[in-house]
Amino acid sequence: MKVELHKYFDFKIGIIGALVMGIAVFCINYFATYLVIESLTASFKQVVYTFFLGGFFMKSCEYIATHIRNYGMAIVLAVCIPSIITLILTFGLHVFKGTPKPLASTIPTLAIIPATFVWAIRKRKLLKQDAKV
């Protein structure tokens with residue numbers, strides 16, 4: 001039995017998101033505290049978290065957007081479900097793992113809202129185009 005990870009995980013989005021969010025979290029914490037080790041630790045947590053969960057949640061967004069018939073409901077749920085879960089988990093990660101600036105470190109995660117919106121619309125349009133072919 002072969003498991004095809006790309007069905008459940010978007011590697012490209014995971015890597016891009018991890019790099020962007022890791023750099024952002026490092027900068028936020030470093031320029032707020034000037035503590036290198038703590039800032040690197042917060043950045044590393046964000047990189048690992050964003051790679052794994054970001055890749056999974058973007059694939060979830062795609063699934064929701066393409067499997068709900070009603071266009072408006074599909075887009076709203078494809079944005080809200082992954083975004084809310086991601087924001088809660090990110091804040092929790094930073095609070096419970098001792099990040100110097102947990103709220104500030106969570107703010108860049110708000111980028112998931114427009115990202116999931118664009119991704120959901122894009123995938124929905126591709127679904128429509130594939131149905132016509």
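**View 1. Cys-61 is a buried residue, with a relative accessible area of 0%.** Buried denotes under 20% relative accessible area, exposed over 50%, and partly exposed the range in between, for a 1.4 Å probe and protein chains only. The model is predicted: local features need pLDDT of at least 70 and side-chain atom pairs count only at pLDDT 80 or more, whereas totals for chains, interfaces and linings use all residues. Residues are numbered from 1 along each chain as its sequence is written, and side-chain values use heavy atoms, with hydrogens and water left out. With a disulfide defined as a pair of cysteine sulfur atoms within 2.5 Å, the count is zero. Cys-61 is in no disulfide, its nearest cysteine sulfur being that of Cys-80, 11 Å away. Cys-80 is likewise in no disulfide; at 34% relative accessibility, Cys-80 counts as partly exposed.

**View 2. Lys-59, Glu-62 and Lys-123 are linked in a network of salt bridges.** A salt bridge requires a side-chain nitrogen of Lys or Arg within 4 Å of a carboxyl oxygen of Asp or Glu, and the count by this rule is two. In the pair of Glu-62 with Lys-59, the closest N and O atoms are 3.6 Å apart. These two residues lie in helix α2, three residues apart, about one turn of the helix. Helices are DSSP runs (H or I, at least four residues), numbered from the N terminus. The salt bridge between Lys-123 and Glu-62 has an N to O distance of 3.9 Å. This second pair links distant parts of the chain, since Lys-123 belongs to helix α5 (residues 112-132) and Glu-62 to helix α2, 61 residues apart. Lys-123 counts as buried at 16% relative accessibility, and Glu-62 counts as buried at 17%. Lys-59 is also buried.

**View 3. Helix α1 (residues 11-33) packs with helix α2 (residues 36-67).** The angle is about 155 degrees and the axes are 7 Å apart. Axes are lines fitted to C-alpha atoms, for helices over the stretch in contact, and angles run from 0 to 180 degrees between N-to-C directions. The two helices are therefore roughly antiparallel, a term for angles over 145 degrees. By class, their contact has 15 nonpolar, 11 polar and no charged residues. Nonpolar covers Ala, Val, Leu, Ile, Met, Phe, Trp, Tyr, Cys and Pro; charged covers Asp, Glu, Lys and Arg; the others, Gly among them, are polar.

**View 4. Tyr-34 lies in the loop between α1 and α2.** Its phi is near 60 degrees, a positive value in a residue other than glycine. At 55% relative accessibility, Tyr-34 counts as exposed.

Terms used. Angles under 35 degrees count as roughly parallel, over 145 as roughly antiparallel, 65 to 115 as roughly perpendicular and the rest as oblique.
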